[in-house]
Amino acid sequence: MAAFAFLSKPASFVRTRFGHWFEARLPLSDSVTLTQRTVYILPTRPGLMLFLTLLVLLVASINYQLNLGYLLTFLLAGTALVGMHVCHGTLRGLAMNLIAPHAHYAGASTAFDIKLTNARRSVRHGIGLGLLDPQAVDGQAGAGRRLAWTDVPAQGSSLVQVAFTPQRRGLHRLPTLTAETRFPLGTFRVWTVWRPAAQVMVYPAPEASAPPLPPGEPRAQGAGDAARAQSSGEFDGVRGYRRGDPLKHVLWKKAAKAGEQGGESAGLVVRDTQQAQRHELWLDIRQAGAPDLERQLSRLCAWVLQADRLGLRYGLRLPARDIAPASGEAHKRHCLEALATC
């Protein structure tokens, strides 16, 4: 396969392999301070055109003995050299710190923040951050990938947000980043490459139109446990409102959110004491009914979110592990992480 890729597109193959080799040499770190050894510089296309223009002006001045030609040539050359020094100093000494991202769902854009800190007494202008193209050995962002640009104030900091879209669930390392500047003249491009060490948890994408929650399973519970559940007033079961139900059993917080959609009793749910004492909700992968594992996990993810919105106690059954019924934000994250790493 590698030989076929080399024969079909040798230049692209070599660039990609060299890019991966160069990227693998970089250390993993969530904070980095740019030094002269980690900052690279090359002339841009306008810079090369300027160099060619200076060469033509110098040859013409020598040929015709033009003093003003010498003056213009050396003035432009000096300006370009000063611009090169300023451009390199814009990135050199800059500190970059990654703020760990939160978990996201597969297929959705994952954004994370990077804090740029400037310790010197002058502003750093025109700094861009973005994802590195694996084929770009010179740190260029890939086609269609945009950089986020910012200015970092003197002895201050600036926050830049970078986003990428993970296509698969699981625990993913953040992609390699690049920072660059072309300030002040645009004749030189200074860049660096950075490999963050942080990882992001990617949950399965919830099914868009998932079926209703499966029915509860009979719970093995003694008479003493049932009496304690009644006396404590803690109920797990939730069902739709029926005429004659006691108002004290209505979940008013959920009713307030659903009431905006209309209907006198639309969206009202009540605690079902009988359901709570006799049944418990288990989200079993064998009940998902999808043809493949990824769709099954997607449906389970939708069921977990739906059960959490209703305030239900629910458990999760996967091929290699069972998670006991519980409720709350921590339980929801525990179930979603189990689905992501299943």
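Helix 3 (residues 45–64) and helix 4 (residues 67–91) have axes that come within 9 Å and cross at roughly 155 degrees. Here an axis is a line fitted to C-alpha atoms over the stretch in contact, with angles running from 0 to 180 degrees between N-to-C directions. Helices (H or I, at least four residues) and strands (E, at least two) are DSSP runs, numbered from the N terminus. That angle makes helix 3 roughly antiparallel to helix 4, a label for angles over 145 degrees.

Before going on, note that this is a predicted model: local features need pLDDT of at least 70, side-chain atom pairs count only at pLDDT 80 or more, and totals for chains, interfaces and linings use all residues. Residues are numbered from 1 along each chain as its sequence is written, and side-chain values use heavy atoms, leaving out hydrogens and water.

Back to the helix pair: helix 3 passes helix 4 in a left-handed crossing, meaning that the near helix is turned anticlockwise from the far one by less than a right angle. Which residues of helix 3 make the contact? They are L50, L54, L57, L58, S61 and I62, and they meet G69, Y70, L72, T73, F74, L76, A77 and A80 of helix 4. Contact here means heavy atoms within 4.5 Å. The residues of this contact divide into 11 nonpolar, three polar and no charged. In this count, Ala, Val, Leu, Ile, Met, Phe, Trp, Tyr, Cys and Pro are nonpolar, Asp, Glu, Lys and Arg are charged, and the others, Gly among them, are polar.

Now for the charged side chains. A search of the whole structure finds nine salt bridges, each one a side-chain nitrogen of Lys or Arg within 4 Å of a carboxyl oxygen of Asp or Glu. Here are some of them:

| Salt bridge | N to O distance |
|---|---|
| E294 and R169 | 3.0 Å |
| D284 and R286 | 2.7 Å |
| E329 and R333 | 3.8 Å |

E294 is partly exposed at 33% relative accessibility, while R169 is buried at 16%. Buried means under 20% relative accessible area, exposed over 50%, and partly exposed in between (1.4 Å probe, protein chains only).

E329 and R333 are four residues apart in helix 9 (residues 329–340), so about one helical turn separates them. E329 is partly exposed at 41%, and R333 is partly exposed at 40%.

Finally, E180, R182 and R189 are linked in a network of salt bridges.

Key: Angles under 35 degrees count as roughly parallel, over 145 as roughly antiparallel, 65 to 115 as roughly perpendicular and the rest as oblique.
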